[in-house]
Amino acid sequence: MQIKDKRVIVTGAASDVGLAFSKELLRNGALMIVMIDIKQWIGEQAVESLNNEFGRKRTVFLCCDVTNNSEFDTKLKEAISILGGLDILINNAGIINETDFSKTIDVNVTAVIRGTLLGIQQMRKDSGGKGGIIVNISSIAGLRAVSQLPVYSATKHAVVSFSRSFAQPYHYERTNVKVIVLCPGLTDIPQDVSQNISNVSLQNDRHQRVESVAHGLIYVIRCAQNGSVWISEDGKPVFEVQLPDTLPQKTEANITQTKAALRHCSEHELCARQALITVLCHTTVPTTLFFKYILCKIYKKHLTFLIYSMICVFIYTIEKLVKILIYIQNLLKCLYNLTQDKYSQYHEIPHRCLSYINTIRMVSKFSRNIRITSTSSRFFSFTAKNLNRKLVHFFTYPNIQSSFIHGEYKPSLRIVRRRSSASERAKEIEAINCIVSGKNVLITGGAAGLGYAFLNHFLKHGAKKIIILDIDAETGKRIELGVEKSCGEKKVHFIHTDVSNHKHMTEAFEEASTLLGNIDIVINNAGVLDERRWEKEISVNIGGMVSTAMLAVQYMSRDTGGHGGILVNVSQHVDIRNTAQLPVYTATKHAVIGLSQSLSDPYHYEKTGVTVITLCPGLTETALTVDSPNKLLSRVMKADFVKNLEQFPIQTPYIVAQGLMTILRIGESGSIWVIESGKAPYEVYVPNPRTLRRHYKNNFPHVVDTKVAEGRAIREVCDSTRTGLMSCA
């Protein structure tokens, strides 16, 4: 779209990036801009400066708090009235505030969605408008998680997903309004904002000037296709990324580079083996026999198992730790040398392998000091507990051991998808019982649907006590009494609460902590689907998820007196091409992935000991799903939505709950698991956005529309602009 003579609204426009956007739009010929911001004095100064530079009445300022729904509605309509129409809307308002996360969600998500809906309503072709462009400003944190900004990351993930859903052809063919996402990297931001992001991973990125982002915006408006996602970082030209329609599945190909690295371990391998044998010779007799068998049968070609064996030696011989520390030190030195010499050249080794290498290096440094301290005891306890689930899984499956023998280890997802025999299933159940039995569990949304299925499976596998939080008091009390009657003891406690109210959730966790003592597992499951009341949808599905996750980490964290634990955040497995009728719900569920990926970062795990896993069920037969056709934004969508639903197989909550038990046994912190079509769970991952850069040929996308006019071919680029040039108009 050409910018000349276009009417524009920019939110969050009084300073920084928003002000740079306004300047650049005026410089490129925009007819008039209405600048909306909460900072009245700064906004009025900005308008005066721009009008002096570009001419009178080229800009107008409206003071507005975008978190005030009625005020925002009124100001947007007033802005459109001043402009006499609308061609371009820039939803730029955003904040970073991890403490008051409700405000962050209101500004970064609710206001963006409200602005988009109002903008489409004014510009849509099927209501008399001429179409237009909406650019939603997300962030690089909306494409890759930022460890110290989990709430901000979640909100920006929501913006990306919502924009992609509303950009589907289902909407665009009716409205002729393009919805585009711009994801800036770190910019030169004010001191009061930068204090919130000190020492975060984004600080490693090179700062860029706000003018660089503004130049990118101009290019995006002129050239971007509907639904495209663009990145502006390091002061370089913007580039488009092609996000997958659904998260890709992890396969053996994802660990090819790790296996390649492992093949180059021969230099120190013999030395490491000898050191391990020396350690085994100085342990107790049962342990020696056990590990000699393992040593001969399993570990020959897999470095990770060497590490596991070393940790097991620590577990089984803690009473003789002083005697064998010197020998362990030799082993660690060998492994450390191996990692230094061989792994340094492999920069793309997956994160799990790197975490093991970092553990080796840390322990190696520790082992130089022979004295045993309370710190070392805590370290050994932490390491043993962290690897316990992996060891149980390893030793109960002969087929896994054989894969180690032949150097053909396959990831756990492949083993899960394989059909198990009766004996293997029995061993799996036993392994699940080891994880769940005797544990205290808290489930939100536990009175119906998936939550109730989770409750039954935890009871089946021997959970000690279970707390269910739900807004449905009658059903919750009935479940509590029913379980007490069938079990003969009060194993389930119901707490009536609204997860969208942080104060109520804080009180509920305090009561749960009193009843349980320690919380070991939290299933963050509560959610709603109601596109007509989408503000409530955001409040429950994002606000409630964030509130529960933060409280769960607080109560289970080792640095606050907890014992660590497992947090499972329930998202949704979706294909973005099928989400046109559920844009807000899809956005809220994608926000959960951003939240989980941030909280599962080693930065948090090292302090808290809380394993964060994301569960993404496919279409499941619950009350939420059954009633969903009646909860859409428009009744016109119902027929198309139902027709779309009929194409997909549906599964029962029992299957999802059964899969969750398996995931608890094998899932690692940061992993994302999908259960769909009644099949066994499999793992997916969030790809690095920088690897998804869209490649062009001769400055054109590979796929272009070609039309014939006046006997010659014309390529259509940059929307409706026809040109024979190799750049945007």
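Visitor: From which domains does the lining of the largest cavity draw at least three residues each?

Guide: Please keep in mind that this is a predicted model. Here is the general idea to begin with: rolling a probe the size of a water molecule over the atoms shows where empty space is left. In this structure, the lining of the largest cavity takes at least three residues from domain 1 (7–190 + 206–243) and at least three from domain 2 (441–677).

Visitor: How many cavities of 30 Å³ or more does a search of the whole structure find?

Guide: The search finds four. The largest cavity holds about 400 Å³ of space. Its lining is made up of 26 residues, and the closest to the centre are Arg-164, Pro-244, Leu-247, His-590 and Ile-593.

Visitor: Which helices each supply at least two residues of that lining?

Guide: Look for α5 (150–166) and α23 (583–599), which each give at least two residues to the lining of the largest cavity.

Visitor: Is Ile-672 buried or exposed?

Guide: A residue counts as buried when its relative accessible area is under 20%. Ile-672 has a relative accessible area of 1%, so this residue is buried.

Visitor: And why does Asn-518 count as partly exposed?

Guide: Partly exposed residues fall between the buried limit of 20% and the exposed limit of 50%. Asn-518 counts as partly exposed because its relative accessibility is 36%. You will find Asn-518 in the loop between α21 (502–516) and β12 (521–524). Its C-alpha atom is 8.8 Å from that of Lys-439, although Asn-518 and Lys-439 are 79 residues apart along the chain.

Visitor: Now for strands. Why is strand β9 described as largely enclosed by the rest of the structure?

Guide: Strand β9 (residues 440–444) is largely enclosed because five of its five residues are buried. To read a strand, check each face in turn. On one side of β9 you have Asn-440, Leu-442 and Thr-444, on the other Val-441 and Ile-443, and all of them are buried.

Visitor: Which strands does β9 pair with?

Guide: Five bridges link β9 to strand β10 (residues 465–470), and the two run parallel. Within this pairing, Leu-442 faces Ile-467 in β10. To get from β9 to β10, the chain passes through helix α19 (residues 449–460), making a right-handed β-α-β crossover. β9 also pairs with β12 in the parallel sense, over three bridges. Here Ile-443 stands opposite Ile-523.

Visitor: Let me try strand β1. How many of its residues are buried?

Guide: Five of the five residues in β1 (residues 7–11) are buried. One side carries Arg-7, Ile-9 and Thr-11, while Val-8 and Val-10 lie on the other.

Visitor: What unit does β1 make with helix α1 and β2?

Guide: Together with helix α1 (residues 16–27) and β2, β1 makes a right-handed β-α-β unit. β1 and β2 (residues 32–37) are parallel and joined by five bridges, with Val-10 opposite Met-35. β1 pairs in the parallel sense with strand β4 (residues 88–91) as well, over three bridges, and there Val-8 has Ile-88 as its bridge partner.

Key: Residues are numbered from 1 along each chain as its sequence is written. This is a predicted model: local features need pLDDT of at least 70, side-chain atom pairs count only at pLDDT 80 or more; totals for chains, interfaces and linings use all residues. Side-chain values use heavy atoms; hydrogens and water are left out. Buried means under 20% relative accessible area, exposed over 50%, partly exposed in between (1.4 Å probe, protein chains only). Helices (H or I, at least four residues) and strands (E, at least two) are DSSP runs, numbered from the N terminus. Two strands pair if DSSP finds at least two bridges between them. A crossover is right-handed if, with the strands pointing away from the viewer, the path from the first strand over the helix to the second runs clockwise. On a 1 Å grid over the protein atoms alone, a cavity is a set of points where a 1.4 Å probe fits but cannot get out, and a pocket is an open set with protein on both sides within 12 Å along at least five of seven lines; lining residues have an atom within 4 Å of a point. Grid points are joined across faces, edges and corners, and a volume is the space filled by probe spheres set on the points. Domain bounds come from an automatic or database domain assignment.
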